[in-house]
Amino acid sequence: MAESAIVSRHLRALLGVPGTELGVVGWPATRRERAFATWHYWWQAHLIDCAVDAANRVPTPTRRNRIAAIARAHRLRNITGWTNNYYDDMAWLAIALERAERTQGITEARGGLIALEKELYGAWDPARGGGVPWRVGSDYFNAPANGPAAIALLRLGRHIRAQEMADWIDATLCDKESGLILDGIHLPSGEIERPTFTYCQGVVLGLEAGLAMHTGEPRHRERVHRLLTAVEEQMTTNGVINGGGGGDGGLFNGILARYLAVVALMLPGDEREQVADRRTAAAIVRASAAAAWANRLEVEGEPLFGHDWSKPAQLPGGRSGAGHFTAGGSVTSSRVPERDMSVQLSGWLLMEAAYQVSAAGL
C-alpha cells in the first residue's frame with residue numbers, strides 16, 4: 001500500500017516522454033512540481049531504491065520496468081548526464097543503480113555506475129587526511145557524503161577504500177561521549193559541526209555491517225554494537241525512531257530504518273552480542289513501522305504517512321506551502337511536511353525494511 005500510494009500520487013512521465021517516470025516532489029503538487037522544474041536528484045535516487053525493494057519483494061515485469069523508467073528519467077532530467085556537483089547525491093544514486101543491476105539485472109545504467117564510481121573514488125582527499133567533501137570544491141567533509149559513498153564503493157568492489165573511509169569516519173566524526181556520528185568537519189580548519197542526524201547513524205551502521213561481512217575484522221562488529229546501542233538509547237522512544245521532519249529531513253528516518261534492516265540481516269557472528277544486535281535492529285524497525293502505520297491517514301484508500309511516526313499524520317491542503325531550496329543547496333520542508341515526497345518515501349522505506357526483517361523471521 002505504501003508503494004501504491006507513491007505510484008498513484010507522485011509518479012508521472014517526464015514531460016510526456018514514453019518509457020520515463022519520475023517522482024513529483026509534492027502532493028498536492030504545484031504547477032512547477034508537475035512540470036519537474038523542481039525535482040530533487042537525491043530524493044529520486046531513493047525512489048529508485050524503493051522501487052528495487054518492491055521488485056525484490058514481489059518480482060513483476062511492471063516493477064522491473066518501473067526501475068528502468070525512473071533511472072532513464074533521472075538521467076534525462078539531470079540534463080548533464082548521471083553526475084552532479086554533490087558527492088552525497090551521487091553516492092545515493094550509485095547505491096540505487098548498483099542494487100538495480102545486481103538484484104534485477106537492470107543494465108541500462110551501467111554507464112551511470114561507471115561515471116559515479118569514478119567520481120566517488122576520485123573524491124577521496126589524502127592531502128587533507130582523507131574524507132570526501134560534501135560537494136565539489138567544499139571544505140566540508142561530512143557523514144552524509146562519506147557514509148553512502150563508502151557503501152557504494154564497497155558494493156562496487158572497492159573494499160580497501162571503503163574500509164579507509166569507515167576508519168576515517170570513526171576517527172573523525174564519532175563523538176566519544178555520546179557514541180553517535182556527528183554531521184561533519186571543515187578541513188583544514190578542523191571545525192566540527194555537531195548535529196547528530198538519524199541518517200548519519202544509518203549509513204555508518206550499514207557501512208560497518210557490510211565491512212564486517214566482507215572482511216571479518218572484529219572492529220567493524222564492535223562499531224556496529226557501539227553505535228546501535230547509542231541509537232537505541234538516544235534516538236528512539238519505546239523502540240520507535242524519534243521525531244522527523246519534511247524537505248530533505250523527511251528521508252532521514254527512513255534511511256536509518258533501511259540500514260537497521262541491513263544490520264538485522266547482514267551482521268555476521270553467532271556470539272551473544274551479535275545475536276542481540278540483530279534482534280535490536282529488527283525490533284526498532286518493527287516498532288517504528290507499527291507506529292507509522294497506526295498513525296497514518298487513509299486518503300482514497302491509500303496511506304499518507306506522518307513526518308513523525310509517533311504522531312498522527314496531517315493532511316496537506318491545497319497547493320501552497322511548498323518547500324524551497326536554501327542558499328546552501330538543501331530543501332526546506334513544506335508547510336505541512338506530509339506533503340513532501342521525501343516523507344512518503346521514508347514511510348515506504350520503513351515498510352520495506354519491516355517486510356525484510358519480518359520475512360527473515362526477526
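These legends describe close-up views of one predicted model. The model is predicted, so local features need pLDDT of at least 70 and side-chain atom pairs count only at pLDDT 80 or more, while totals for chains, interfaces and linings use all residues. Residues are numbered from 1 along each chain as its sequence is written, and side-chain values use heavy atoms, with hydrogens and water left out.

**View 1. Helix α12 and its cover.** Helix α12 spans residues 272–294 and has 23 residues. Helices (H or I, at least four residues) and strands (E, at least two) are DSSP runs, numbered from the N terminus. From first C-alpha to last, α12 reaches 33 Å, close to the 33 Å expected at 1.5 Å a residue. That expected span is 1.5 Å times one less than the number of residues. Its buried residues are Q274, D277, R278, T280, A281, A282, I284, V285, S288, A289, A291 and A292. Buried means under 20% relative accessible area, exposed over 50%, and partly exposed in between (1.4 Å probe, protein chains only). The cover over these residues includes helices α10 (218–234), α11 (252–266) and α13 (341–359). Strands β6 (236–237) and β7 (240–241) are also among the covering elements.

**View 2. Helix α4 against helix α5.** Helix α4 (residues 61–77) and helix α5 (residues 87–104) have axes that come within 11 Å and cross at roughly 145°. Axes are lines fitted to C-alpha atoms, for helices over the stretch in contact; angles run from 0 to 180 degrees between N-to-C directions. The crossing is left-handed: the near helix is turned anticlockwise from the far one by less than a right angle (clockwise would be right-handed). From α4, the contact uses R64, I67, A71 and H74. From α5, it uses L93, L97, A100 and Q104. Contact means heavy atoms within 4.5 Å. These residues divide into five nonpolar, two polar and one charged. Ala, Val, Leu, Ile, Met, Phe, Trp, Tyr, Cys and Pro count as nonpolar, Asp, Glu, Lys and Arg as charged, and the others, Gly among them, as polar.

View 3. Rings of Phe, Tyr and Trp (its six-membered ring) pair if their centres lie within 6.5 Å; planes under 30 degrees apart count as stacked, over 60 as edge-to-face and the rest as tilted. By this rule there are eight aromatic pairs. The rings of Y199 and F252 are stacked, because their centres are 3.8 Å apart and their planes lie at 10°. Y199 sits in helix α9 (residues 198–215) and F252 in helix α11, so the pair ties together parts 53 residues apart in sequence. Y199 and F252 are both buried.

**View 4. Backbone exceptions in loops.** Most residues other than glycine have a negative phi, and most peptide bonds are trans. The W27 to P28 bond is cis, with omega near -5°. P28 is in the loop between β2 (22–23) and α2 (31–34). The L187 to P188 bond is also cis, with omega near 10°. P188 is in the loop between β4 (184–186) and β5 (192–193). F36, not a glycine, has a positive phi of about 60°. F36 lies in the loop between α2 and α3 (41–57) and is buried, with a relative accessible area of 2%. I79 has a positive phi of about 65°. I79 lies in the loop between α4 and α5 and is exposed, at 71%.

**View 5. H40 in its loop.** H40 is found in the loop between α2 and α3. H40 is buried, with a relative accessible area of 6%. Leaving aside neighbours within four places in sequence, H40 is in contact with V25, F325 and V331.
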